[in-house]
Amino acid sequence: MTLVLELTHTSHTLAATGIQQVCRNLFAELKAVANVDVIVLDPWQRSWRRATYSERERLVPGGDCGVARRKGEAWTAAEKLRGRLKMLAGIKGTLPSGNSAILFPEFIMGRCVKALPGLRRRLGPDVPFVAIFHDAIAMRMPEFSALKTVARMPEYIAALAGFDAVAAVSEASRQELLFLWDRMGMRETPPVEVIPPGIRPPEQAGRDLPHSIRAAPRVLCVATLEPRKNHQALLDAAEQLWAEGLEFELELAGMAHREMGAIILARIRELEGRGRKITWHGAVDDATLHALYEDCDFTAYCSLMEGFGLPVAESLAHGRPCVCTTCGALDEVSRGGGCLRLDGTDAACVAEGLRRMLSDKALRGRLVAEAAAKPVRSWADYAMDVLDWARGSRRRC
């Protein structure tokens, strides 16, 4: 039996934010242990179909297709032309047969939601539709989200109620989904389980800090430049500490949000112009990201809301402590040692946490030891849990 993954968006973007990491790594690990296929909804052919070779190539974790500058979906001229010609010829895309379930591991786009009934008819009445739910931040914090995402989120949440099973990436996300269904008056809803994602463990198991001779500690923040990630509080806190005379370097990795990243980028440039030790690397590939983790003394993640919080888990897996907020699912991923958990999200609170980490070597050493001792959940672990859950799901009616 074949487990089918719907990956329309991830197969047409080079972005590697949390959802794309889940999709790519889940696909890679599932391929190693099960019969897996991929489908997409081709907007030019106006049909669901199996993914092409080039679309599958974009699903390779850390592949050599390039580094993304934006999150959005993009189709090549050849893909558009081929799709249009097939549409005009009345050719529908082929779909896999003998399917155990169809899994939707990414945010389901508006056109996909509208095409779900047609997909159900083509696959037959016995194939369960299951989905991974990441978050509904656009509904809870619309001021920090793109207008298009805010507009289509209610339709997405409503569509999930028609699925046969849902796996949330955290207990916080599970509770959020149940709350939204209740608020929308939906009573006939699928069961929702929690299956937390994994990460790619670093190859080096020792995870010792090699920088004891460095005069200025290096702090790393891995996050898309957008208001929800709370970079403004981090940058204000850093400036306060630099003004106090504390010596440290701040490095940032992550693409700038096309609509909302400009103000954060302007603040970074302003601090650079004043001679502060700050570097923005932009979007980076996996090898560079690994090197940044290895070369920092600790990380900072001050987000205002998260469905999971992969950068915190990645930091701990590299043996690097994290100064982090506890908003949303960050409260879950930061438990069990290795994190300096902040009581708030404002610049003063962030500054106090950074000050403690920069000035208290004993605290930093204790958190390093806790991070190194913390078990690492891999993408392989995640894939096996998702596979068992998907195979065990049944059509509700």
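Guide: Axes are lines fitted to C-alpha atoms, for helices over the stretch in contact, and angles run from 0 to 180 degrees between N-to-C directions. Helices (H or I, at least four residues) and strands (E, at least two) are DSSP runs, numbered from the N terminus. This is a predicted model, in which local features need pLDDT of at least 70, side-chain atom pairs count only at pLDDT 80 or more, and totals for chains, interfaces and linings use all residues. Residues are numbered from 1 along each chain as its sequence is written, and side-chain values use heavy atoms, with hydrogens and water left out.

Helix H13 (residues 347–359) packs against helix H14 (residues 361–373) at an angle of about 90°, and their axes are 5 Å apart. The two helices are therefore roughly perpendicular (65 to 115 degrees) to each other. In this contact (heavy atoms within 4.5 Å), H13 contributes Arg-356, Met-357, Leu-358 and Ser-359, while H14 contributes Lys-361, Leu-363, Arg-364 and Leu-367.

The strands may be considered next. Six of them form an open sheet with parallel pairing, in the order S10-S9-S8-S11-S12-S13; two strands pair if DSSP finds at least two bridges between them. Strand S10 (278–280) and strand S13 (339–341) are the edges, each pairing on one side only. From one strand to the next, the twist averages 20°. Within the sheet, strand S8 (residues 218–222) pairs with strand S9 (residues 249–253) in the parallel sense over five bridges. Leu-220 has Glu-251 in S9 as its bridge partner. Helix H10 (residues 286–294) lies across S8, S9 and strand S11 (298–301), and runs at about 145° to S8.

Technical notes
Angles under 35 degrees count as roughly parallel, over 145 as roughly antiparallel, 65 to 115 as roughly perpendicular and the rest as oblique.
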